[in-house]
Amino acid sequence: MTCAACATRVQKTLAKQPGVESAVVNYANATVQIEFDAKLITPDSLKASVQRFGYDLVTDEGKTDVDELHRKASEKLRRETLGAIILSLPVVIIGMFFMHMPFANWIMWALSTPVVLWFGSRFFVGAWKQLKNRSSNMDTLVALSTGVAYIFSVFNTINPEFWTSRGLEAHVYFEAAAVVIAFILLGKMLEDRAKGHTSSAIKKLIGLQPMTVTVVFAGVQKEVPLANVRVGDEIVVKPGEKIAVDGTVVSGTSFIDESMISGEPIPVEKTEGSKVFAG
C-alpha cells in the first residue's frame, strides 16, 4: 500500500467478499484483521481479491518470512531513491542553468529516462492495475503527471520545429518529471524508515509479554502457550509474573504494577472482581 487511499480500497474490497464479517486495515503497520466464515471463503480467495487491484496479502505467516519481505522491499526502495536522486541532480542543474548548452535536451532525456521508466516504474505499474479496475490512487496521479511531462519533452526534443515554426520555443520538462519521481521516492523511503522504527518498538513491547500461561483445567493447573488461551479460561498468575491477557480477578488479592499502562509508579491493589490488563 502506498497511501491511506490504498488502505481504504483494500478494506472495502475485503469487506465486500462473501463470508467476510469485518475487515480492518492498519496502514501504519501494513496489516489487516479479518473476521470471515471459513465455509464461504478461503484465505487464498481473500488474497486473490486484493491482488486484482495491485496489492498483496500474506496469509501464511508461518511459511513466509514477513520481516525478510519487508527488508527486501526497503532495500529496493532505498536503491531506487538513491539512483533517482543521483540522476535527477544533473538534470535539474542543466534544466535550470544550462538549458541552452549544446545537446542539453538530449542529455536531460538520457538522464531522466532511467528515473522515470526504471526507478519510477512502480508508479506506472500501480496506475495501470488501478485503471484496469476503473479506480485510481496516488500512483495514478504520479504516473499521469510525470508521464505527460516526459512524453511532451521527448516530442519537443525530437521535433522542435513543430513549435519553432510557429514562433514558439520548444520547452522541455525532463527535470520536472525526474524531480517529482525522486522526491516522492524519498518521501516513501523516509516514511518506510519511520514505520520500521515504530514496528521495531512495538515488537520489543510484545517481546515483554509471557509466551506461556498457567491455565486451570478441571481443577488442574497446566502450562499452555499464550496463543491457546480462549475467552473464559481461568488463569493462575503467580507472584512476580506478568499479566498475560486482559481479564477479571475471580479469586485472591495482590498488588500489580500498572506503570506501563497508566504511568502510576505505585502498585495498584487488585481484589476479587477487579479488572486487570495485559502488560
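Student: Which helix does Leu 46 lie in?
Tutor: This is a predicted model, where local features need pLDDT of at least 70, side-chain atom pairs count only at pLDDT 80 or more, and totals for chains, interfaces and linings use all residues. Residues are numbered from 1 along each chain as its sequence is written, and side-chain values use heavy atoms, with hydrogens and water left out. Helices here are DSSP runs of H or I with at least four residues, strands are runs of E with at least two, and both are numbered from the N terminus. On that count, Leu 46 sits in helix H2.

Student: Is Leu 46 buried or exposed?
Tutor: Buried means under 20% relative accessible area, exposed over 50%, and partly exposed in between, using a 1.4 Å probe and protein chains only. Leu 46 has a relative accessible area of 2%, so call it buried.

Student: Which residues does Leu 46 touch, leaving out those up to four places away in sequence?
Tutor: Contact means heavy atoms within 4.5 Å. With that rule, the list for Leu 46 is Leu 14, Gln 17, Val 20, Ile 34, Phe 36, Ile 41 and Leu 57.

Student: Why do the buried residues of H2 line one face of the helix?
Tutor: Helix H2 covers residues 43-51, and Leu 46, Ser 49 and Val 50 are buried in it. Look down the axis of H2 and take the directions from the helix axis to the C-beta atoms. The buried residues line one face because they fall within an arc of 90°.

Student: What covers those buried residues of H2?
Tutor: Contact is again the test. The cover includes helix H1 (4-15), strand E1 (20-26) and strand E2 (31-36).

Student: How many salt bridges does the rule find across the interface of domain 1 and domain 2?
Tutor: An automatic or database assignment sets the domain bounds, giving domain 1 (4-57), domain 2 (65-206) and domain 3 (212-276). The contact takes 8 residues from domain 1 and 7 residues from domain 2. A salt bridge needs a side-chain nitrogen of Lys or Arg within 4 Å of a carboxyl oxygen of Asp or Glu. For domain 1 and domain 2, the rule comes up with 0.

Student: What is phi of Phe 103 near?
Tutor: Phe 103 lies in the loop between helix H3 (66-97) and helix H4 (104-119), and it is exposed, with a relative accessible area of 63%. Most residues other than glycine have a negative phi. Phe 103 has a positive value, near 60°.
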